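Subject: The structure I promised you

Hi,

Here is the structure I said I would pass on. Have a look at it first, and then read on for what I found in it.

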Amino acid sequence: MLRRNATFLVISALTLASALAVWWLRGWAAVQHALGATWDLILTVLPSILGGLLLSAALRQLVPPGALARWMGAESGLRGLLVATAAGMAMPGGPVAAFPVVLVLAQAGADRGALIAFVLAWSLNGFQRIVVWELPILGHDFALLRLLCGLPLPILAGLIARWLPIRWSPADAPGMQGVATTRPDRAA
């Protein structure tokens, strides 16, 4: 229980210490202003968080366990890493959308190498990031150079992940504890 809530407890302690520092240095009005800004931020990100969690829950029900093993499983070889890399590049949204999808992919049979390739492709080479940020800000030449330099990295990381002797399964993830790996209407 403590391990699961450790991050929340640390962030809460830091938040309380920060609020006390703001109150001490700037007064109660500054604390109220910070609380108002926090509430505005919560209202801004809450739809994305809910959307990502609902997407993950829906995908868990739609994609049966083992369905992707052929395409992204341990026996898929380089093809599995290429598929995972392409899927990661195509994945829109931030971490609240991408990381729950990683758990769904794992449940559906993707191995750890494919999952690492997916996450790195999403974070390094995401199509959305290239179109929205890099092309308009950095220009075509730099965006192309950065993309070409970054393309092999998810595949290389996936190969390394398959080689490393670290054991991991979806059941190890805090977000999967207590989650059935079969659909409720098809449980034995």
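L82 counts as partly exposed, because its relative accessibility is 44% and the class of partly exposed residues lies between the 20% limit for buried and the 50% limit for exposed. Please keep in mind that this is a predicted model. L82 is found in helix α4. Along the chain L82 is 35 residues from A117, yet the C-alpha atoms of L82 and A117 are 8.1 Å apart in space.

T85 lies in helix α4 too. T85 has a relative accessible area of 5%, so T85 is buried. Setting aside neighbours within four places in sequence, T85 is in contact with A117, A121, P154 and I155.

**The helix around them**

Which residues of α4 are buried? They are G80, L81, A84, T85 and G88. Viewed down the axis of α4, these residues fall within an arc of 135 degrees, so they line one face of the helix. Packed against the buried residues of α4 are α3 (69–72), α6 (112–125) and α9 (152–163).

**Helix α5**

α5 is mostly covered, with 10 of its 13 residues buried. Those buried residues are A97, A98, P100, V101, V102, L103, V104, L105, A106 and Q107. The cover over them includes α2 (28–62), α3 and α6. After α5 comes G109, which has a positive phi, near 115 degrees.

**The nonpolar core**

The largest nonpolar core has 17 residues, and those that touch the most other members are M72, A84, M91, L105, A110, L115 and F118. At least two residues of this core come from each of α4, α5 (95–107) and α6. Which helix gives the largest share? That is α5, with 6 residues.

Not counting residues up to four places away in sequence, F118 touches A84, A87, G88, M91, A98, V101, V102 and L105.

N125 has its place in helix α6. Is N125 buried or exposed? With a relative accessible area of 0%, N125 is buried. The side chains of N125 and R146 are joined by a polar contact of 3.1 Å. Residues up to four places away in sequence aside, N125 touches M89, L120, I130, R146, L147, G150, L151 and P154.

Two of those names, L147 and G150, come up again in helix α8 (residues 140–150), where the buried residues are A143, L147 and G150. These cover an arc of only 70 degrees around the axis, which puts them on the same side of α8. On the face turned away from that buried side, α8 carries the exposed residues D141, L148 and C149. Among the elements that cover the buried residues of α8 are α4, α6, α7 (127–138) and α9.

**The whole chain and its record**

Stepping back, the protein chain has 9 helices and 0 strands. Of its 188 residues, 25% are buried. Among contacts with a separation of 6 or more, 75% are between residues 24 or more positions apart.

The UniProt record, an unreviewed entry, places the feature "transmembrane region" at residues 37–59, 80–108, 114–132 and 144–164. How do two of these stretches look in the model? Residues 37–59 are 100% helix and 0% strand, with end C-alpha atoms 33 Å apart. Residues 80–108 are 83% helix and 0% strand, and their end C-alpha atoms are 13 Å apart.

Best wishes

Notes
Residues are numbered from 1 along each chain as its sequence is written. This is a predicted model: local features need pLDDT of at least 70, side-chain atom pairs count only at pLDDT 80 or more; totals for chains, interfaces and linings use all residues. Side-chain values use heavy atoms; hydrogens and water are left out. Buried means under 20% relative accessible area, exposed over 50%, partly exposed in between (1.4 Å probe, protein chains only). Helices (H or I, at least four residues) and strands (E, at least two) are DSSP runs, numbered from the N terminus. The arc is that of the directions from the helix axis to the C-beta atoms. Contact means heavy atoms within 4.5 Å. A nonpolar core is a set of buried Ala, Val, Leu, Ile, Met, Phe, Trp, Tyr and Cys residues joined through side-chain atoms within 4.5 Å. A polar contact is a pair of N or O atoms within 3.5 Å; within protein, one must be able to donate a hydrogen and the other to accept it, and residues adjacent in sequence count only if both atoms are side-chain atoms. UniProt positions are given in the numbering used here, feature names are shortened, and annotations may be inferred rather than shown by experiment.
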